[in-house]
Amino acid sequence: MTKASTETSTTSRISTFVLAIIYIVLVLAVIALIIAVYAFSTNQPIASYGSLAFIGVVALILSGYMLFQSERRRVKLKLIIQPTMTQLECRKCGTKTVREFQRGDYVFKEFGPCPKCPEDKQIITAIYKEVKEKEKPFPF
Amino acid sequence: MKVIALISLVNQLGLGTGDTITQVINLVFYVFFIGFIFYGQRIQMYIMIREVENSLYKLKLIREEGRKIAVETIKEIGKPTVDPSARVDRYLEYFTITPQSMDPAGIVWKLDHILDTRDMRLKDEVKLMAPAVDEVQVYNLENTLEAAMALNYIYKVVRHYYIQGKKTLSLYVIMQLQMILPMVMKEAEAYASALKAFAYGQPIGDGVGPLVAAKLIHGSEIRKVPVDCVAATIAMEGRTAIILKAEGPGGNVAKPGDAVAKVIEENEGKIATVIMIDAGLKLEGEKVGEVIEGIGAAIGGPGVDQYKIEEATLKYKIPLNAVIVKEDIGDAVSPMRKEIADAVDKVIERVKAVITERTKEGDKVIIVGVGNTIGVGQ
């Protein structure tokens, strides 16, 4: 709990059959492109490799896109839990210490002695999580 | 043979005048074009169904996670003698029927009674599930189970409309669901992060009001005020301030409506102003932790407490002021963000400004920290 953790679903997001078809199309697209490149390098007329190159590129883009989409969905299926921090403060010297949250912590709970002035107890003054904004700022 | 005949038909129509490949591409284009004319809406619907399906998978995962956290927490701190899973499943399905509103007179008191009954029933259930827990943990477990309950409900409603849309193949059912899904998912994710906060007793964004109140009364003599609230009297800017908050550190919003009414009656209405501090929903583009000020009873929930505070202040014509800390729904129910914790001092400054500008020296004021006091003592 105290560390940032992610939990991923074990649910199958894309069927094996569809995945197999995507991979077959990907392999065929690569083969078509190899043949087209070979034909181009041996100075054969454009009609003999143009269609292969076109089909190869389209199939490569489509299968790549499908794979990317399935991966993107898998990435989305995560629960991101941010670490929570506890801020301790000495009532006498004001020294602040930040550590990871532990079960039983609450704001204004008295804690152990201050590391600088051991005769005084520390107190929990804040419990918070720090979130880094991922969104791009809008110009408005 | 049929393909060749089709290509020759395309040629006769003047649609493909190049080589065979061009003709095939043209043909494919026209097939797609005609296909989209007749089946475009259905294709669009299948894409939407797919999107809803993806969100439903995620909701299912979150719901199962919620149930798992609730059961594990009960087992860990409640030390039950039997497996609490079946009882948790029953708890997740509890419902509350709101009072009939055909004749709205007196509905607030009926709703208040129903909410009290619900609260008592749920607390009793928690005590039965987890016999070893203390009073603070009962509140925290109740909050955890309520978050799991909310996730269960969201999942079931989305699943209902998804299946209904698929059964009827109604574009409009699916479209409505798909349109509100981003907001639904945001709320579900907020409850998911709330689960662990509640289970571990961490302060949440909604607790900023009680946090401000706790900071003001810390070290002062504290007395209990019905229902489930605490009060302390302090000196502030030459005035006497009566600070109210829900009793912490258990997850509790208490009933500030009753507490404010009682304190006003105790002082025979001689209160210069009531200042309420709460978390307020921010609009997109506004900053988290921004402190703003306004007029009225700043309190959410079903409206019972807001009604009681308005009634009590109206009786003695006491002005109601509000100070709000901006945050979104996700921030309100998940562990408190640093920006919100840092806003506490700004809120205190703003409250002091309201007191000095709106009251005279020697006056009495009430300051209420509204919200869930989980993880915040006093």
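Start in chain B and colour its open sheet of seven strands, which runs in the order 1-2-3-7-4-6-5 with mixed pairing. (Strands here are DSSP runs of E, at least two residues, and helices are runs of H or I, at least four residues, both numbered from the N terminus; two strands pair if DSSP finds at least two bridges between them.) At the edges sit strand 1 (223-225) and strand 5 (291-295) of chain B, each pairing on one side only. Neighbouring strands in this sheet are turned by 30° against each other on average, direction ignored.

A word on what you're looking at: this is a predicted model, where local features need pLDDT of at least 70, side-chain atom pairs count only at pLDDT 80 or more, and totals for chains, interfaces and linings use all residues. Residues are numbered from 1 along each chain as its sequence is written, chains are lettered from A and ligands numbered from 1 in the order in which they are written, and side-chain values use heavy atoms, with hydrogens and water left out.

Now select residues 273-281 and 364-369 of chain B. These are strand 4 and strand 7, paired in the parallel sense over five bridges. Click on Ile275(B) and look across: its bridge partner in strand 7 of chain B is Ile367(B).

Next, show residues 135-168 and 171-200 of chain B. How do helix 5 and helix 6 of chain B pack? Their axes are 9 Å apart, at an angle of about 160°. (Axes are lines fitted to C-alpha atoms, for helices over the stretch in contact, and angles run from 0 to 180 degrees between N-to-C directions.) That makes helix 5 of chain B roughly antiparallel to helix 6 of chain B, a label for angles over 145 degrees.

Move on to helix 11 of chain B, residues 338-358. Its 21 residues reach 31 Å from first C-alpha to last, close to the 30 Å expected at 1.5 Å a residue (the expected span is 1.5 Å times one less than the number of residues). Zoom in on Val344(B), where helix 11 of chain B bends by about 35°; a bend is the angle between axes fitted to the seven residues ending there and the seven starting there. Several residues of this helix are buried, including Val344(B), Val347(B), Ile348(B) and Val351(B) (buried means under 20% relative accessible area, with a 1.4 Å probe and protein chains only).

Last stop: chain A. Strand 3 (84-90) and strand 4 (96-100) of chain A pair in the antiparallel sense over five bridges. Thr86(A) stands opposite Arg99(A). The two strands form a hairpin with five residues between them, and Gly94(A) in the turn has a positive phi of about 75°.

How values were computed
Buried < 20%, exposed > 50% of the residue type's maximum accessible area, 1.4 Å probe, protein only. Parallel < 35°, antiparallel > 145°, perpendicular 65-115°, else oblique.
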